[in-house]
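This briefing concerns selected backbone and helix features of one model. Please have the sequence and the coordinates at hand while reading.

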Amino acid sequence: MMALSAARDAVYRRALDFAARQTRAVVEREPGFYPMYTRQGRWRHGQEAWTQWTDGFFAGLLWKLYAYTGDPWWRQQAEVYSAALEPRQHDREVHDLGFVFLNSYWPWQCVSGDRRLEAVIVQAGRTLAMRFNERGQFLRSFLAPESLFIDIMMNVPIILHAARVTGDVRLREIALAHCRTTARYLVRADGSTAHEGIFDLETGQFLRQSTQQGLRAESAWARGLAWSLYGFATVYRYTELPEFLEVSRRNAAYFVEHLPADGVPHWDFDADPTAPPPWGAQKDSSAAAIAASGLFDLAQLSGEDRWREAALQLLDALCGPKFLADQTPGWEGMLLHGVYHTGKGLGVDESVIWGDFFFVEALGKAVGLASSANSLPHSGADPQNS
């Protein structure tokens, strides 16, 4: 792959320096606090979480900034914030244990070489696998037993990771069945995705596409499409099964081909950009950040440099004054114009911690950070080869 131009490298490193300042300020201002989304630019507020799925992102940010800076302060903080998550390896209430532990315990293990940390990751993978619905062949969402979310594609790698470490064939079978069910029922022929699928619990039969966070059941919720693009690429890295790379390619093509002129998607690709926010012209910078990071991986896995160029164009947009908060006094996040949940009115036109996390991850991939702390299993690293 071609090296970055000097101009791009400088822009991206300035953005990483800004990310470090913003993140350090959170730790020093409120030690032990895990941000989720801002309200009027402030992380601390009393609004609801809907589900507790994001704490691994802040711990992961600390690990990535340690990889970038080499400053031991970041590692010290990352270990503290990661260790506090350990009890959640047994959390049966969420479908997001990959987000929690692949972003915290995995880089900790890579940096420290402490294989005892692996037991926590493996247990989290086993816990997630307990959500498997045998009749429907899917991992159920946190919301309801009959519900399958596209988001789970970003979490299923922790089951594959546990299967690889332990040699547990059943874990691998569960993971692959979930991916194939998702590809069959949530990924459309044109590469767009539905947010949710609903199944008959008695028969396992697929009933219909639905949504919790998109515009409507048949629309293409932008963040969900980014989850799919990235998740299927990661599953391909684990399995080397071409069917999953093909899904990621289709997702990527739809995402890139439907971007507006400013390079950052609206919160739903079917939203009317002439209508007022939040249902119309609202952007989602987090979807762009997730897609950028996933596109870097897809470029590497497919050998197709067009996906790397698409990732760089997304980063160029996010580093511009419209989306980077470095010129917004008092703003505590990194990226402006993110969205959590439009329908519930949560984190709309704000910073969201996953947007900031994947922004930093994508920047790290762009500038060529070769540290294991910037190469989680999401990015295909194997603990046997770390």
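In which loop does P278 lie? P278 is found in the loop between helix 10 (242–257) and helix 11 (285–302); helices here are DSSP runs of H or I with at least four residues, strands are runs of E with at least two, and both are numbered from the N terminus. The model is predicted, so local features need pLDDT of at least 70 and side-chain atom pairs count only at pLDDT 80 or more, while totals for chains, interfaces and linings use all residues. Residues are numbered from 1 along each chain as its sequence is written, and side-chain values use heavy atoms, with hydrogens and water left out.

**Helix 9**
- The end C-alpha atoms of helix 9 (residues 222–239) are 26 Å apart, which agrees with the 26 Å that its 18 residues should span at 1.5 Å a residue; the expected span is 1.5 Å times one less than the number of residues.
- Because 18 of the 18 residues of helix 9 are buried, the helix is largely enclosed by the rest of the structure; buried means under 20% relative accessible area, exposed over 50%, and partly exposed in between (1.4 Å probe, protein chains only).

- E240 follows helix 9 and belongs to the loop between helix 9 and helix 10.
- Phi of E240 is positive, near 60°, in a residue other than glycine.
- E240 counts as exposed, at 62% relative accessibility.
- D349, in strand 7 (residues 346–350), has a positive phi of about 65° although it is not a glycine.
- D349 counts as partly exposed, at 32% relative accessibility.

**Cis peptide bond**
- The peptide bond from P277 to P278 is cis, with omega near 0°.
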